[in-house]
Amino acid sequence: MEPQNEYIVQKAVGRMLKVNENKPTGFVYKWTNKVNNKWYIGSHKGLTDDGYIGSGVGLIHTIEKWSIDNFVREILYEGIDFRAEEEKILIALDAAADPF
């Protein structure tokens, strides 16, 4: 399939996405500790299956403490507006008042 205009087609998470070449595509994720229900929300430029876990010091420390097997990851958003969507989600959840 040939790229058309400013768009390319990429395969991600089993479906085809239209991605603007001039804007990075990414996703917003949520890690939840299955033991204590504490959660961490972040975003990443890339694909959901690229192996990225997270870069937050609190998240890394907690995963090391509890083991990755005690966490579940949810993808909350996928697309070019991933940074803006992350901000909206954090505001809606009042994340600053309930830090990981």
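Biologist: In this predicted model, what is the order of the three strands in the open sheet, and what is the pairing?

Modeller: The order is β4-β3-β5, and the pairing is antiparallel.

Biologist: Which strands are called edge strands, and why?

Modeller: They are β4, residues 39–45, and β5, residues 71–79, because each of them pairs on one side only. From one strand to the next, the twist averages 20°.

Biologist: How do you know that β3 and β4 count as a pair?

Modeller: Two strands need at least two bridges between them to pair. Strand β3, residues 26–33, has seven bridges with β4, in the antiparallel sense, so by the cut-off of at least two they are a pair. Within this pairing, Y29 stands opposite G42 in β4.

Biologist: Which strands does helix α2 lie across?

Modeller: Helix α2, made of residues 82–92, lies across β3, β4 and β5. Its direction is at about 165° to β4. The protein chain as a whole has two helices and five strands, in the pattern β-β-β-β-α-β-α along the sequence.

Biologist: What makes the contact between K88 and E85 a salt bridge?

Modeller: The cut-off is a side-chain nitrogen of Lys or Arg within 4 Å of a carboxyl oxygen of Asp or Glu. For the side chains of K88 and E85 the N to O distance is 3.1 Å, so the pair meets the definition. The structure holds one salt bridge. Side chains of opposite charge can pair when their charged atoms come close.

Biologist: Where do K88 and E85 sit relative to each other?

Modeller: Both are in helix α2, three residues apart, and so they are separated by about one helical turn.

Biologist: Why is E85 called partly exposed?

Modeller: Buried means under 20% relative accessible area and exposed means over 50%, with partly exposed in between. E85 has 21%, so it falls in the middle class.

Biologist: Which class does N37 belong to, buried or exposed?

Modeller: N37 has a relative accessible area of 56%, which is over 50%, so it is exposed. Its place is in the loop between β3 and β4.

Biologist: What is the phi of N37?

Modeller: The phi of N37 is near 65°, a positive value in a residue other than glycine. Most residues other than glycine have a negative phi. D94, in the segment after α2, also has a positive phi, of about 50°, and is not a glycine. D94 has a relative accessible area of 46%, so it is partly exposed.

Biologist: How many of the 100 residues in the protein chain are buried, as a percentage?

Modeller: Buried residues make up 33% of them.

Technical notes: Residues numbered from 1 in each chain as written. Predicted model: local features only at pLDDT ≥ 70, side-chain atom pairs only at ≥ 80, totals over all residues. Heavy atoms only, no water. Helix = DSSP H or I, 4+ residues; strand = E, 2+ residues; numbered from the N terminus. Axes fitted to C-alpha atoms, helices over the stretch in contact; angles between N-to-C directions. Contact = heavy atoms within 4.5 Å. Buried < 20%, exposed > 50% of the residue type's maximum accessible area, 1.4 Å probe, protein only.
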